Amino acid sequence: MIRWRDPRVPPAAALAAGAVAFAAALLLESPALVTGAVAGALAALVAAASLLIASVRQAATHRPTSMSARWMGGGAVIWTAGVALRPFAESFVVSFADMFMLLGSVITAGGAVIAADRRFPAGVALRHLTDAYLCAASLFLIGWMTALRHVYAETADPAGFTLVMLPPMLVLLVTCAVIPSVLISRAPSWPLSLAGLVTLAAMTVAGVAAAVARLLDGEPQLWSVMLAPVAFLLLAAVVWGPRAGPAGRSAVNHVVALVPLALVAVAACTLLVQQASGRAEPPVTGIVVIAVSVVLLLLVRLFATGAANVRLRGLVKLGERQLRELAESTGDVVFTCDYQGVVHEIGAGVEVTYGYRPDDVTGGSIFDYIHPEDVPAIQAAMRAMNLDEDDVTPGACLIACRVRAADGTWRPTESVATRHAGGEDLMLVTTRDISDEEALRNQVAHLTFHDGVTGLPNRAYFEERTREVLPGRTTGNVAVIFLDLDGFTSVNDSVGHASGDYLLGQAARRLRGAVRADDTLARWGGDEFAVLVETGGDAQVAVDLAERLVRAVSQEPFRVADRDVALTASVGVAFTEDDMPAGDLMRNADVAMARSKELGGRRVEVFAAQMHADVMRRLELAADLQRALIEQQFAIEYQPVVDLATSRVTAVEALVRWWRGSVFVPPEQFLGAAEDTGLIVPLSEWILREACREVAAWRASSWDIGLSLNLSARQIMAPRFVETVEQALTESGLPASVLTLEVIEEMLVEDAEETIKRLSELRALGVRLAIDDFGTGYASLAFLRQLPVDMIKIDPSFVSGLGRDDTLTLLTRTIVRLGHDLGLIVVAEGIERPEQLELLKQMGCTRGQGFLVARPMAARGVDSLMRTSLTV
């Protein structure tokens with residue numbers, strides 16, 4: 001017993017299979033009919049089994065293939081039942097076996113449509129049905145004219161002929177209805193749908209042959225009987241083949257649309273040939289009805305096609321009008337011209353954009369309005385488009401040119417030219433005026449390479465220009481000059497940045513008037529300017545220009561914010577050498593300018609190799625200082641300050657020492673670099689904490705001793721400077737009155753207000769203040785009144801001349817007397833000879849320090865001094 005385990009297989013299929021098996025066991029009277037019936041039944045059963053099994057296997061992977069295989073399998077089973085039942089229904093004009101076969105064909109056609117996986121709108125589906133009827137009717141008329149009319153004449157039974165031929169004609173109609181869906185399908189199951197179509201065609205031919213044989217009381221030929229079995233076997237094999245959509249079927253739609261018309265034409269020609277033969281036969285009503293229906297359907301199709309064409313033309317015109325209106329609403333000019341440049345049509349936008357009336361331009365040549373320099377390139381582009389006109393893709397090119405407007409100005413434009421879609425030998429051109437975009441682009445380029453404050457080329461332009469000029473130049477042929485405005489920072493601080501920018505504009509105009517026409521003057525950045533000079537081998541040309549630049553800046557004050565501002569300039573000059581990169585040349589000029597600024601400004605310095613070495617040495621020194629702070633390479637030495645009358649040590653001055661490895665670095669070599677880099681702030685804080693801690697320990701041993709420390713300008717202006725001093729005193733336990741902080745006179749002049757404010761805050765804490773190197777700076781005696789100092793220290797340059805220089809001796813005596821009169825402690829520094837010590841005692845100087853008195857020593861040396869004696 002056979003059991004169908006797949007519930008999706010219809011129960012009718014099992015019943016039909018039983019009927020087929022029963023019918024195949026019977027002996028049929030006709031050998032050909034027996035052979036065809038058995039072969040058809042077996043092939044249909046094989047196809048049904050293969051399709052139904054495939055539908056189960058592919059249900060989860062590809063649903064369209066599974067469903068179409070199920071439908072075709074069911075159709076094959078039902079068609080097989082019809083074949084098996086035909087011998088028992090030969091006595092009927094239209095047997096129920098024919099109904100089974102017709103139903104099986106319809107179900108198989110449904111499976112082919114499902115495999116094609118095509119869904120059409122209602123209008124398209126209706127058109128396909130009318131095309132199917134036209135194809136079927138045309139094929140029937142062709143068959144009628146070639147063979148069926150003779151069969152009809154022999155039967156002499158119009159009703160019987162119609163009923164016998166109706167089932168195969170219906171199958172033919174179904175087959176024609178399936179053809180469009182299958183041929184234009186791109187589904188992966190397309191091979192299965194095509195095999196179903198072939199099977200339907202075989203069923204149709206076999207059905208027509210069987211109907212003709214029945215009408216003539218004969219047997220169908222063997223080839224017609226075997227068509228269906230072969231088709232079913234093909235169907236059984238295709239369902240297991242690979243799934244792949246057809247490729248390269250772009251023309252199939254057109255072929256499918258032309259097939260009905262071609263069949264109608266063939267049918268019409270066949271009818272005309274019959275009429276031309278001169279044989280008059282009585283008309284058959286059915287044939288006339290079919291012919292008339294074909295003609296009527298053709299008329300309907302013709303009317304529908306004409307209406308569709310009218311609608312499409314309207315849509316095309318509407319699209320062109322909307323496209324033109326859209327282009328002109330954006331300011332574009334749209335026109336058509338031929339490949340010789342003659343304008344055929346142009347939009348109204350040409351009058352708005354360029355000032356020409358459309359009628360004046362139409363019929364003329366576009367080359368009359370294009371700049372002569374741009375004409376050759378445009379002609380070449382048009383020739384290239386004309387040569388490619390056989391290409392199936394629409395050619396297009398972008399054209400940039402200048403167009404003369406009605407006012408005579410040349411305006412930059414961008415145009416897009418394409419071949420006209422109307423099939424005429426024309427081009428469709430859309431032109432846009434990009435004058436605003438071009439102006440904006442030029443403005444952006446100018447701002448990119450020019451300074452907005454001075455209008456001069458900027459650093460980027462100068463660097464690029466230098467790189468362009470240097471290649472191939474020999475030594476000394478090119479020079480770069482760097483100029484810095486001395487004191488410009490104070491201008492911004494005093495009158496504001498807006499006034500500072502105004503001053504930079506004035507300076508730029510003066511410098512522009514000093515350079516030559518061939519020189520490149522640029523603003524490098526901030527208050528720095530750069531000049532690129534081609535000397536022609538004469539170095540003096542660049543030096544003379546640098547001196548003119550200094551004079552141009554300093555010859556007269558600048559007028560800013562209703563006041564006169566006098567500035568000077570520091571200038572550096574560097575000359576190119578063979579194969580020198582542009583970056584090195586500009587760096588050398590910058591180094592020379594920095595050297596000029598270090599030397600006081602208002603001068604010209606020519607770069608020498610030693611300058612670069614000095615810069616590199618300072619950079620290395622700064623890096624080593626940073627590392628020394630981290631690795632604690634610094635140490636503190638203390639130089640005693642003694643009472644000159646008793647030789648008693650009253651205080652010590654903390655001095656920093658640096659041992660870089662095993663090499664001693666003098667303070668004068670690294671303190672300047674520490675000040676420039678800002679490392680002096682953390683270094684001074686460390687010295688303050690360590691010295692306070694050490695002196696506090698000595699005072700704890702009943703030694704009444706004070707501490708003196710030098711302050712730097714950066715340290716005073718550092719954030720939380722006063723808090724740092726207070727914190728060091730608190731942590732060490734050192735009384736504030738024991739600490740003396742020393743400042744030099746220059747600090748009181750530069751930013752005097754803020755400096756005096758912070759020093760006054762220290763004085764309020766109880767810290768004592770001293771003016772170091774008194775008499776050598778620029779501070780006036782008024783600072784002694786503004787700042788409550790406790791001590792002045794005479795500079796060693798005065799002490800060194802005691803006993804040898806009467807002027808220095810007089811000045812020293814005056815300073816000592818001034819200190820006494822003001823109630824200040826006077827300390828003499830740099831005592832190295834006995835006669836200096838004696839003279840200072842005679843002048844009444846109370847305290848002193850120097851190598852003669854006591855050399856700087858480490859903390860342990862001070863400990864030894866404290867244990868042995870309190871005098872030196």
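Reading the labels on a predicted model

Biologist: What makes a nonpolar surface patch of Leu166, Leu170 and Leu173?

Modeller: Leu166, Leu170 and Leu173 make a nonpolar surface patch of about 210 Å². Areas come from the Shrake-Rupley method with a 1.4 Å probe, and for residues only the protein chains shown count as cover.

This is a predicted model, in which local features need pLDDT of at least 70 and side-chain atom pairs count only at pLDDT 80 or more, while totals for chains, interfaces and linings use all residues. Residues are numbered from 1 along each chain as its sequence is written, and side-chain values use heavy atoms, with hydrogens and water left out.

Biologist: Why is Leu173 called partly exposed?

Modeller: Buried means under 20% relative accessible area, exposed over 50%, and partly exposed in between (1.4 Å probe, protein chains only). Leu173 has 30% relative accessibility, so Leu173 counts as partly exposed. Leu173 sits in helix 6, residues 158-183; helices (H or I, at least four residues) and strands (E, at least two) are DSSP runs numbered from the N terminus.

Biologist: Why is His371 called buried?

Modeller: The relative accessible area of His371 is 15%, so His371 is buried. His371 lies in the loop between helix 12 (358-361) and helix 13 (375-387). Beyond neighbours within four places in sequence, His371 is in contact (heavy atoms within 4.5 Å) with Arg402 and Trp410.

Biologist: Is Val604 buried or partly exposed?

Modeller: Val604 has a relative accessible area of 23%, so Val604 is partly exposed. Val604 belongs to strand 12, residues 603-606. Among the contacts of Val604 outside four places in sequence are Ala546, Val550 and Val573.

Biologist: What makes a nonpolar core?

Modeller: A nonpolar core is a set of buried Ala, Val, Leu, Ile, Met, Phe, Trp, Tyr and Cys residues joined through side-chain atoms within 4.5 Å. The largest has 79 residues, and Leu739 is one of those with the most contacts inside it. Helix 22 (residues 680-700) gives the largest share of this core, 10 residues.

Biologist: What is the average pLDDT of the chain?

Modeller: The chain averages a pLDDT (the predictor's confidence in each residue, from 0 to 100) of 80, and 81% of the residues score at least 70. Over residues 1-30, pLDDT stays under 50.

Notes. Patch = residues over 30% accessible without salt bridge, like charges linked within 9 Å, V, L, I, M, F, W, Y side chains within 5 Å. Salt bridge = Lys/Arg side-chain N within 4 Å of Asp/Glu carboxyl O.
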